[in-house]
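This report describes the architecture of a predicted model.

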Amino acid sequence: MKTHYNHNIDTNISITYVVANKKITLVAALGVTIGISIFIFMNSLGSGFVKKSNKTIFNNTPHIRVYKDDEISKSIITPKDSNSLVLISNPTVIPKSEQIVNPERIITLLRAQPEVTYVTPEIAVKVFYNSGMSQVSGDASGLEIAEASKMFNIKPSMIQGRMEDIETHSNGILLGVGIASKINAKTGDNISITSSKNITKVMKVVGIFKTNSSIVDKTKSYIGINAAQQLLGENANYITNIDVNVQDFNKAADYSAKFSALTNYKAEDWKAANSDQLNGFKMRGIIIFAMSLSILLVAGFGTYNILNMTITHRINDIAILKAMGFKGWDVIKIFVLQGTLIGLMGIAVGLLIGGVMVYFASKIYMGPDQGYFPIVLDYMVFINASLFGLVVCFFASYLPARKAANVDPVSILRK
Amino acid sequence: MTSDIILQANHIEKYFYDPEEFKVLNDISFSVKKGEFATLVGKSGSGKSTLLYILSTMDTDYKGELIIDGIMVTGKKQNELAALRNEKIGFVFQFHYLLNEFSCLQNIMIPALRLGNYSKKEIEERAYEKLKLLGLQDQALKTASKLSGGQQQRVAIARALINDPLIIMGDEPTGNLDSKNSDIVFDTFQMLAHEQNQTIIAVTHDNDFANKSDRIIEMMDGKIINCLKKK
């Protein structure tokens, strides 16, 4: 048996073709570069939007909220024995308290879970903020401010007063900037608020906060837990929600099912609580991805055209290679490798340019309300861009290469 | 010189269907021996080129049988035929068909690199030998496109020889050459046949070239009309 050497002659020919036609190689690679950099920029923008939107959501919503869900009465109660009557009634909400029984036990239980980072009790109160004759409706959250601030980023959003003062003043209130301007209140003023249980309380404004969501600023206020209990006329054990943050908020849906079973209360994750908003974000993500993929596909067509041209140009080479004993597979290898090499060059430069574009865009400061341009460098975007780019280039070169492999050498050589 | 049969054609027939059905080869049977220098002659349209491309294994659309080096070639798959051509057949065409971006030496090495029977260094040495044989050792590192027509054709012949093929097939190998270069090509072929025992089958229009060869196979209207053997 003779020894057989593998000289990689197909690769050799490919590389020679790539180097020999520098202009064609560069034009094709440039198409890929533009496609890849736009793909990266747009998808990074998409990730930036998602990150910013999530941040806005988490200023107001915990990852998981544990509360007592409404129960609906049964419409038919069937008797246990034939002597009794069947009871039929309209299904209605059972008028039960929204209270969570023994909240300390549940809080301790939730804090013991390894994936949980913060747990804080909350009382949600529907209130009117009174200003003379006019009233502004809104939501007051009664909570333990130190723990809640870590969860909702309250402290960085303060524009007047001190957040901590809510703990020292039993009647302290932190107002959203929208409410403050409507009822013309500033830090140190006393305002009166009326709850849905028609209990009115005079509160002292200890601070004003501003989030980047105007709807929150126009309705939300924070008060102490005791004040909230008083507004609802309830005792010191009364808690309506327990807010939970977990390490990975993307897994909140899985944890919420687990916490429901653990606590026997309804645990709702942030995605379920904000599903309308998130559906909008999802659509936006799909549009961004589809557009950037189309741009990449157009770049692929550029490569396809150029490879088709190259193959027409090299039809004599293909014919003689086949005559000399190159198989169809060898011919495919030569041109697919050529297309892939062009693609790799284009992708490498495209990753660099895309990265630089994202970096500089992320440094653009858009003013105090918006902060920095919402764009993030996400390594997954780069991996996706490389993968999609490679797949597109592979097919863009495979299709013409297959045609080249089927060239009939006799028809070319016989002139 | 041995008298082994290297190529045997049995009852080969071929039709062209475009523009209308036409029998271009009609019951062709002949054999060529090892070390023979045969030329195929005939007027244009006689089917000599068509026959050559069938013998070359590149055209597989025919009836009959073709046996090369004791192997039944008819009915083999394209990839098997490619491997067979790579190892056993060398080609010289009217046009050189060199790869323009490669040097002469690289062009000659390509079929041997594909075959892979020798190391790269050995192949390079062998390619130099072939160039020397054709008097082109000075041009080895020049790009193929920089050479004159006669030189390019000689490089193409060197390329056909690199794997020491059993058969060298030529389609008008001297068609584009002046008489000086034609003579070089003829002498090379004759030397290969008589000294190295390789078989040459060439289609030619050049009567002088044909008359000097060992055997003239004359064709007319798809049939062999004369199978003149000089020796």
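## Overall fold of chain B

Among contacts in chain B between residues at least 6 apart in sequence, what percentage join residues at least 24 apart? The share is 70%. Chain B contains seven helices and ten strands. Its radius of gyration is 17 Å, close to the 17 Å that the globule rule gives for 231 residues, so chain B is as compact as a globular protein of that length.

Along the principal axes, the C-alpha atoms of chain B occupy a box of roughly 50 × 40 × 40 Å. Of the 231 residues in this chain, 49% count as buried.

## A four-stranded sheet in chain B

An open sheet in chain B is built from four strands in the order β2-β1-β4-β5, with antiparallel pairing. Its edge strands are β2 (22–33) and β5 (71–72) of chain B, each of which pairs on one side only. Strands of a sheet pair through backbone hydrogen bonds, either parallel or antiparallel.

Strand β1 (residues 5–16) of chain B is joined to β2(B) by eight bridges, and these two strands run antiparallel. Within β2(B), F22(B) is the residue that stands opposite F16(B). Helix α1(B) packs on the sheet, where it touches β1, β2 and β4 (63–68) of chain B. The direction of α1(B) makes about 125° with that of β1(B).

## Helix packing in chain A

Two packed helices are described by the angle between their axes and the distance between the axes. In chain A, the axes of helix α2 (residues 22–58) and helix α11 (residues 275–313) come within 9 Å and cross at roughly 175°. Because angles over 145 degrees count as roughly antiparallel, α2(A) is roughly antiparallel to α11(A). By class, the contact of α2(A) with α11(A) has 20 nonpolar, ten polar and one charged residues.

## The interface between chains A and B

Where the two chains touch, chain B supplies 25 residues and chain A supplies 23 residues. On the side of chain B that touches chain A, the elements giving two or more residues are α1 (48–55), α2 (78–88) and α3 (104–115) of chain B. The largest share of that side, six residues, comes from α2(B).

What is the division by class of the residues on the side of chain B that touches chain A? They comprise 13 nonpolar, seven polar and five charged residues.

Technical notes
Residues numbered from 1 in each chain as written. Chains lettered and ligands numbered in written order. Predicted model: local features only at pLDDT ≥ 70, side-chain atom pairs only at ≥ 80, totals over all residues. Contact = placed C-beta atoms within 7 Å. Nonpolar A, V, L, I, M, F, W, Y, C, P; charged D, E, K, R; others polar. Rg over C-alpha atoms; globule rule 2.2 N^0.38 Å. Buried ≥ 20, exposed ≤ 12 C-beta atoms within 10 Å, placed from the backbone. Axes fitted to C-alpha atoms, helices over the stretch in contact; angles between N-to-C directions. Parallel < 35°, antiparallel > 145°, perpendicular 65-115°, else oblique. Pairing = 2+ DSSP bridges.
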